[in-house]
Amino acid sequence: MPLDWVWGLAGGLMIGSAAAIFLLLNGRIMGASGLLGGVVDGSTKGAARKEGLLFMAGLIGAPLLVHLLRGAPPTHLTSNVTVLILAGLCVGFGTRLANGCTSGHGVCGISRLSTRGIVATLFYLVAGALTVWVFRHLLGVI
Amino acid sequence: MRALIAAGAGGLFGLGLLISGMTDTTKVQGWLDIFGAWDPTLAFVLGGAIIPMAIAWRIAAKRRDAILGGVLPAQPATEITPRLAVGSGLFGLGWGLSGLCPGPAMASLGFGGWQGLVFFLAMIAAMMAQPKVTAALSQAR
């Protein structure tokens with residue numbers, strides 16, 4: 001759609017504002033994999049754990065509310081169970097090993113010119129593009 | 001107050017992901033599909049998100065504590081480790097295969113159907129196993 005970039009920019013500004021609020025008010029870095037991973041593996045404890053859980057409640061709850069009120073746009077997620085499980089395992093393991101994902105290394109890292117954030121982003125962008133090329137254009141499975 | 005801000009920031013993050021189209025896996029895979037029908041939307045999302053956050057880091061640099069208390073994050077580590085490269089490469093593989101990263105996986109959990117739930121469960125299983133697997137691998141070497 002021709003206006004997709006406007007929605008992208010508007011949504012991006014909201015994502016960045018959420019990260020700015022979480023940093024300046026609560027002193028926390030808005031990294032989705034770190035917040036979720038710290039809660040599920042038990043490494044985040046006490047008040048930080050409670051805050052992480054509340055953050056995720058908002059993250060899951062607000063789009064759910066939109067979905068219930070207005071109907072959310074489709075996710076177009078594959079129904080291939082093997083691909084879903086393999087992809088989920090790679091994303092979960094990889095982001096924890098690298099200590100961050102698109103929000104932590106991408107949004108929060110690049111914006112402070114963190115070398116690790118920039119390098120991580122280059123790696124997952126190149127790996128993602130190669131994956132789509134191989135699995136879509138060479139193998140035709142996604 | 002901290003609790004309210006945490007939930008509010010999470011909600012704003014989720015709505016931003018929804019509005020920008022990042023919960024739609026065709027848009028994300030379209031961005032990664034540089035040899036096919038390339039979709040540049042994600043560049044606008046990332047660019048838009050970096051602007052407020054770059055301002056926030058400049059404000060944070062002049063302060064020691066967060067507004068609601070607690071110390072602000074220290075300077076980031078700079079060392080490029082094999083962990084960072086391997087982990088990010090693995091993450092990119094899963095991201096390309098599915099079109100989902102952890103933020104949108106959570107934001108779309110409420111409406112992503114059984115497919116979103118299967119991905120999410122596999123993701124948290126790997127997150128729980130990662131510290132043990134990494135420790136076992138480093139011991140085996």
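Chain A and chain B meet through 95 residues of chain A and 101 residues of chain B, contact meaning heavy atoms within 4.5 Å. This is a predicted model: local features need pLDDT of at least 70, side-chain atom pairs count only at pLDDT 80 or more, and totals for chains, interfaces and linings use all residues. Residues are numbered from 1 along each chain as its sequence is written, and side-chain values use heavy atoms, with hydrogens and water left out.

The A–B interface in figures:

| Item | Value |
|---|---|
| Area buried between chain A and chain B | about 9,100 Å² |
| Share of that area from carbon and sulfur atoms | 78% |
| Salt bridges across the interface | 3 |
| Residue pairs in polar contact (both at pLDDT 80 or more) | 20 |

Buried area is the accessible area (1.4 Å probe) that two parts lose on being put together, summed over both. A salt bridge needs a side-chain nitrogen of Lys or Arg within 4 Å of a carboxyl oxygen of Asp or Glu. A polar contact is a pair of N or O atoms within 3.5 Å; within protein, one must be able to donate a hydrogen and the other to accept it, and residues adjacent in sequence count only if both atoms are side-chain atoms.

B:K27 forms a salt bridge with A:D4. Their closest N and O atoms are 2.5 Å apart.

B:M53 reaches across to chain A. Leaving aside neighbours within four places in sequence, B:M53 is in contact with A:G16, A:A19, A:A20, A:L23, A:V107, A:C108 and A:S111.

Definitions and conventions
Chains are lettered from A and ligands numbered from 1 in the order in which they are written.
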